[in-house]
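Please consult the sequence and the model shown below while reading.

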Amino acid sequence: MKLAIAAAAKGIAAGQFPYGAALVRRGKVISCEHNVVVGACDVTMHAEVHAIRRACAKLKTTDLSGCVIYCTCEPCAMCMGACCFAGISGIYFGTTIRDKAKFGLRDPGVGASVISRLIDSPPKIVVGFMRDECLELFRNYRGSGAD
């Protein structure tokens, strides 16, 4: 998670939204990315999707079974879907969709927590992992003048 937080901080400094994600398999970091929605002019380039794309390219497969993803914020519906399609085993996230709403960051409100209850064999979900450090990203984002 520390790598995901560092990636998110790098993204904030580059004018991106305050999200980072690190994908790990058997203790080895496969990819670590921040949100690049603004720079890419692509609303699908969330940190999780970006990290999954990089991991698939690096491993030359779309099967990320056995991987765990560490996200600074709860994956949205799109990112949760990508995690499930890739076969990711576990999702650890620091802040929730409700947390980010308090900082004025929009989201439809349906993310990993809700979706995991609706599907068969969801990935393991761990909420609040390094939450305080992840919340600090939102504070830094708001203080950066980015929007």
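In this predicted model, helix 3 passes helix 4 in a left-handed crossing. The contact between helix 3 and helix 4 comprises seven nonpolar residues, one charged residue and no polar residues. The briefing also covers the largest pocket, which holds about 420 Å³ of space.

**Geometry of the helix pair**
- Helix 3 spans residues 47-59 and helix 4 spans residues 77-86; their axes come within 8 Å and cross at roughly 25°.
- Angles under 35 degrees count as roughly parallel, and helix 3 and helix 4 are therefore roughly parallel to each other.

**Residues in the helix contact**
- Helix 3 contributes E48, V49 and I52 to the contact.
- On the side of helix 4, these residues meet M78, C79, A82, C83 and A86.

**The largest pocket**
- The space in the largest pocket amounts to about 420 Å³.
- The largest pocket is lined by 21 residues, of which F17, Y19, H46, K100 and R106 are the closest to its centre.
- By class, the lining of the largest pocket consists of eleven nonpolar, three polar and seven charged residues.

Terms used. Residues are numbered from 1 along each chain as its sequence is written. This is a predicted model: local features need pLDDT of at least 70, side-chain atom pairs count only at pLDDT 80 or more; totals for chains, interfaces and linings use all residues. Side-chain values use heavy atoms; hydrogens and water are left out. Axes are lines fitted to C-alpha atoms, for helices over the stretch in contact, and angles run from 0 to 180 degrees between N-to-C directions. Helices (H or I, at least four residues) and strands (E, at least two) are DSSP runs, numbered from the N terminus. Angles under 35 degrees count as roughly parallel, over 145 as roughly antiparallel, 65 to 115 as roughly perpendicular and the rest as oblique. A crossing is left-handed if the near helix is turned anticlockwise from the far one by less than a right angle, and right-handed if clockwise. Contact means heavy atoms within 4.5 Å. Ala, Val, Leu, Ile, Met, Phe, Trp, Tyr, Cys and Pro count as nonpolar, Asp, Glu, Lys and Arg as charged, and the others, Gly among them, as polar. On a 1 Å grid over the protein atoms alone, a cavity is a set of points where a 1.4 Å probe fits but cannot get out, and a pocket is an open set with protein on both sides within 12 Å along at least five of seven lines; lining residues have an atom within 4 Å of a point. Grid points are joined across faces, edges and corners, and a volume is the space filled by probe spheres set on the points.
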